[in-house]
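Thanks for coming. Please look at the sequence and the structure on the screen, and I will walk through a few places in it.

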Amino acid sequence: MNKFNEKKNLNARDIFYRICVGIAAILLVVYFMPREGRSAYQFDLGRPWRYSQLIATFDFPIYKSDNVIQKEQDSVMKLFEPYFEINQSVKEEQIARFRKDFTQMEKNGIPYYYKGYIEQKLHILYEKGIVQPDDYNRLTEDSINAIRIFTANQSVIRPIKEIYSHKSAYKFFFETDDTTRYDRLKLQKCNLDRYIVSNLLFDQKKSEEQKKDLLNSISYASGMVMSGQKIIDRGDIVTQNTYNILASYLKESQQRIDSSKQDAYLLFGQILCVTMIFSCMMLYFSLFRKDYLEKGKSVLLLLTLVVIFPILSSVLVTQNLFSVYLIPFTMAPIFIRVFMDSRTAFVMHAIIILLCAVSLKYPYEFVATQLVAGMVAIYSLRELSQRSQLLRTALIVTVTSLAFYFSLDMMHEKDLNNLEYNIYIYLIINGVLLLFAYPLMFLIEKLFGFTSNVTLVELSNINNELMRRMSEVAPGTFQHSMQVANLATEVANKINAKGQLVRTGAMYHDIGKIKNPAYFTENQNGVNPHDQLSLIESARIIINHIPDGMKLADKYNLPEVIKGFIATHHGKGKTKYFYISYKNKYPDEEIDESLFTYPGPNPQTKEQAILMMADAVEASSRSLKDYTEESISNLVDAIIDAQIMDGAFTNCPITFQDITTAKEVFKEKLKTIYHTRISYPELNKKEDSNEKGNKEATH
């Protein structure tokens, strides 16, 4: 069976596969959704309360805002004095060590009186205290003013400026009023840094306890609300005090609910919500576009788009990155419009926007803006054939989004200074990102096997290699293909089929004739090679232009949809000339009809049916002896009626009304192509020679 466009019903395995993929998509979308609990009330500072009157149902404290608490914590932490334990033995050990080493220093030229000076300095340093370098840096960074130094018997508070680090302790040796007596170079020869050792050790446990006590002294509440007290009424402006009360009420409400149950409810709600949205999507396809469900590539593309955009939105919300308005959501309806149809594009866009809105705090403005932008994008790309159209679409979508969001702002804000200008910047960036739809479109074509109108336009260029080869090797076939393309496109435009697809398919439907062009009537010039062949052999050569065309299509990487036109333009019809001739020649012989039958299949789409009709009508019209209105009309009716009787259109969605319209178009176009030329008048022979000469001179 030919694989091109053969219609098949989904079996149990296919249905199970699609259900599993759908469930996986639902779980993937839910997995990335934000998990923080969302209150039933959404409110903003300085905006009206949108709900009914709110009465407190229990007593609760009015919690201070995070900013206020942070300021109070910063203030109380200025009183924080970390604990350090002093090691008294360090001073004695280091002074004794110095005394021992000084004997050698004297031999090296250090005067004796330096000993007393250095011992005095060491004594002062260790009395004040020397801390570890890391501890000293931390004290400085935390802006600590003083520390508590304790021993077994007592504790003293010492300002930071009175203790030393290793670096400041070393400098202390050179701080002397008598610079003439104590030479700096001689002091350096004493290697004084050897006797600088930390004797203050940080006590983390005591310090943390003191810090905890200080923080616990802060009151996190600024008042109380009693049960039954009115909090706010509909239309009231949310002031700072009211905002704190509302936030406290919601916080207390959440704390009164079991957190594990709350998480379970949240997860269940998200799964139920996403499942219902997916069910609506499946209901649409089951009722209106069941053909997409039968195509694996269509299902995969739709689910990919319906998963990627909600995940991107959830990530931005969860990580608090930029804004969801930065994401070019209108890419999805653009892709679906180009590769499928407008109605599906809008439905899928609505599905994607609803899934994204589940993750947002204020979804109304987002949903309204994106739906309007999607509708504009779909309308502006009714036929995508040039790159410039995407630039125009991006511009229109950006301007529309900005204008619509501005209109929403005007309904909520009376002062232009309060507008969220960041959103407008994001919408402009969104429009710029929308331009990447063009390169992504080619990526989708390669990954999912679709063919865009842009690709079809490029393929229909008569200067490409395969078209140029056909025009050189089989010029008659080339002209026939061009005529068929014009006829088929005219019909497609009349019955709302895909005109560009039909045109491109028509131009390639007979490329198999390139292999043996002389065996086809339109390429013959007085000599017919079939005269030397048997009827069966002639039929075989004619039929072979279908498989030969498929081989050329594979060689030149033509899209699958174009190969479908090559395979179906004769359907499962017969080479009637050779079949009837053979039957007339051998009336008593049983005929193997498969020898005279094209491999098919019959057309499966409206566009393929149009091409079959146009191909047969155009080819047969060349055999007419007289091109009159009656002969053309009878020819068109006879050919198309015969195709209907043969069941050629049984498996494609073309209606009798479409076929009637196609007949009318074919008749009108053929009358125009084969119109009778006006006869020029002959010169009257009775006219005198002078007048005759003058008339001839004027022509």
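Is Ile 673 buried, partly exposed or exposed? It counts as partly exposed, because its relative accessibility is 34%. Buried means under 20% relative accessible area, exposed means over 50%, and partly exposed is in between, with a 1.4 Å probe and protein chains only.

Before I go on, some ground rules. This is a predicted model, where local features need pLDDT of at least 70 and side-chain atom pairs count only at pLDDT 80 or more, while totals for chains, interfaces and linings use all residues. Residues are numbered from 1 along each chain as its sequence is written, and side-chain values use heavy atoms, with hydrogens and water left out.

Back to Ile 673, which sits in helix α29, residues 656-673. Helices here are DSSP runs of H or I with at least four residues, strands are runs of E with at least two, and both are numbered from the N terminus. The C-alpha atom of Ile 673 is 9.7 Å from that of Tyr 627, and these two residues are 46 residues apart along the chain.

Next, the cores. A nonpolar core is a set of buried Ala, Val, Leu, Ile, Met, Phe, Trp, Tyr and Cys residues joined through side-chain atoms within 4.5 Å. The largest one has 68 residues, and those with the most contacts inside it are Phe 278, Val 306, Phe 309, Phe 339 and Phe 366. Helix α12, residues 296-319, gives the most to this core, with 10 residues. A second, separate core has 53 residues, including Ala 485, Ala 506, Val 636 and Val 665.

What does Phe 278 touch, leaving out residues up to four places away in sequence? The list is Gly 22, Ala 25, Ile 26, Leu 303, Val 306 and Leu 355. Contact means heavy atoms within 4.5 Å.

Now for helix pairs. Two packed helices are described by the angle between their axes and the distance between the axes. The axes are lines fitted to C-alpha atoms, for helices over the stretch in contact, and the angles run from 0 to 180 degrees between N-to-C directions.

Take α21, residues 475-494, and α27, residues 606-621: their axes come within 9 Å and cross at roughly 130 degrees. That makes α21 oblique to α27. Under 35 degrees counts as roughly parallel, over 145 as roughly antiparallel, 65 to 115 as roughly perpendicular, and the rest as oblique. On the α21 side, the contact includes His 480, Gln 483 and Val 484, and on the α27 side it includes Ile 610, Leu 611 and Asp 615. Sorted by class, this contact has nine nonpolar, two polar and two charged residues. Here Ala, Val, Leu, Ile, Met, Phe, Trp, Tyr, Cys and Pro count as nonpolar, Asp, Glu, Lys and Arg as charged, and the others, Gly among them, as polar.

The other pair is α24, residues 545-555, with α25, residues 560-568. Their axes are 9 Å apart and the angle is about 170 degrees. That makes α24 roughly antiparallel to α25. Ile 546, Gly 549, Met 550, Ala 553 and Asp 554 of α24 meet Lys 563, Ile 566 and Ala 567 of α25. Five of these residues are nonpolar, one is polar and two are charged.

In the loop between α24 and α25 we find Asn 557. Its phi is positive, about 55 degrees, although it is not a glycine. Asn 557 counts as exposed, at 66% relative accessibility. Asn 191 also has a positive phi, near 50 degrees. Asn 191 is in the loop between α7 and β6, and at 39% relative accessibility it counts as partly exposed.

The loop between α25 and α26 holds Thr 575. Thr 575 is buried, with a relative accessible area of 6%. Among the residues that Thr 575 touches are Ala 539, Ile 542 and Ile 543.

One last item is the peptide bond between Gly 600 and Pro 601, which is cis, with omega about 5 degrees. Pro 601 lies in the loop between α26 and α27.
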